[in-house]
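Please look at the sequence and the structure first.

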Amino acid sequence: HGGGMTHVSGFAAAAGGLGGGFGGGMGGAAFGGSGGCMAPFTSGRVGGTLGQTRPGSSHQTFFGKIMAYHEEKGWGHIACDATSALYKKDVFVLRNALKDQPVKQGDAVSFKCEMTPKGPLATSITVLPAGAIGFDGVRGHNFSGQVVRWNEQKGFGFIQGDDLKEIFGKDIFLSKRECSGAVPADGDRVSFTVALDHAGMPCATNVTLASYGAVRGGMAANGSGVRVAPY
């Protein structure tokens, strides 16, 4: 995990053709949210996925964006930084994998991926609610949740919430870098938006701690009940 913020360039919306295989090349690479949040994904990870499984495993969950979808033909492509790093192609999506979910260009999706002789093919696709993830510098919707598993020494933790589990299938990564100088602790309520980090995983950005300023575990030294310094 390197130092400094990572900002990912804009997303190219050109769809690749079928050609001799799925994907038709990368067709425009990375995309991401405005926060460039940093996540502790190091050993055992390739490209940033949900679950500690081997690269290219059909058990991994990826997050991406519909590059293009041709309703009349029943196919399209998903752009995803993690799968692009693995396969060097955009992921092909077929109508039958959508299970009657409506989809259009720009929709955020979670999916699994199978490698076929013609290229990577999306399976287990879930179309996420509009605004669930911010792309191309446009902020997504605000979420709220509770800080859990905060590690002050490492400067990161996670945000838990019922809607987060339902939408993303996991708690959302929270970096100290996104807290604007505030010091989170387990149990704190926060509001935030979600972007994809440099590894293509959901993380919290634009974080506001609702309880920041309140004293945890007793009164402040000045007796006011209000913290006078962040530490």
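Let me begin with Phe63, Phe143, Phe168 and Phe192, which ring pairs link into a cluster. This is a predicted model, in which local features need pLDDT of at least 70 and side-chain atom pairs count only at pLDDT 80 or more, while totals for chains, interfaces and linings use all residues. Residues are numbered from 1 along each chain as its sequence is written, and side-chain values use heavy atoms, with hydrogens and water left out.

Rings of Phe, Tyr and Trp (its six-membered ring) pair if their centres lie within 6.5 Å, and planes under 30 degrees apart count as stacked, over 60 as edge-to-face and the rest as tilted. That rule gives eight aromatic pairs. In one of them, the rings of tryptophan 75 and phenylalanine 92 have centres 5.7 Å apart and planes at 25°, so this pair is stacked. Tryptophan 75 is buried at 12% relative accessibility, and phenylalanine 92 is buried at 2%, where buried means under 20% relative accessible area, exposed over 50% and partly exposed in between (1.4 Å probe, protein chains only).

Phenylalanine 158 and phenylalanine 173, by comparison, have ring centres 5.9 Å apart and planes at 75°, so their pair is edge-to-face; both of these residues are buried.

Finally, is aspartate 171 buried or exposed? Aspartate 171 is buried, with a relative accessible area of 9%. Leaving aside neighbours within four places in sequence, aspartate 171 is in contact (heavy atoms within 4.5 Å) with residues including Arg149, Phe158 and Lys165.
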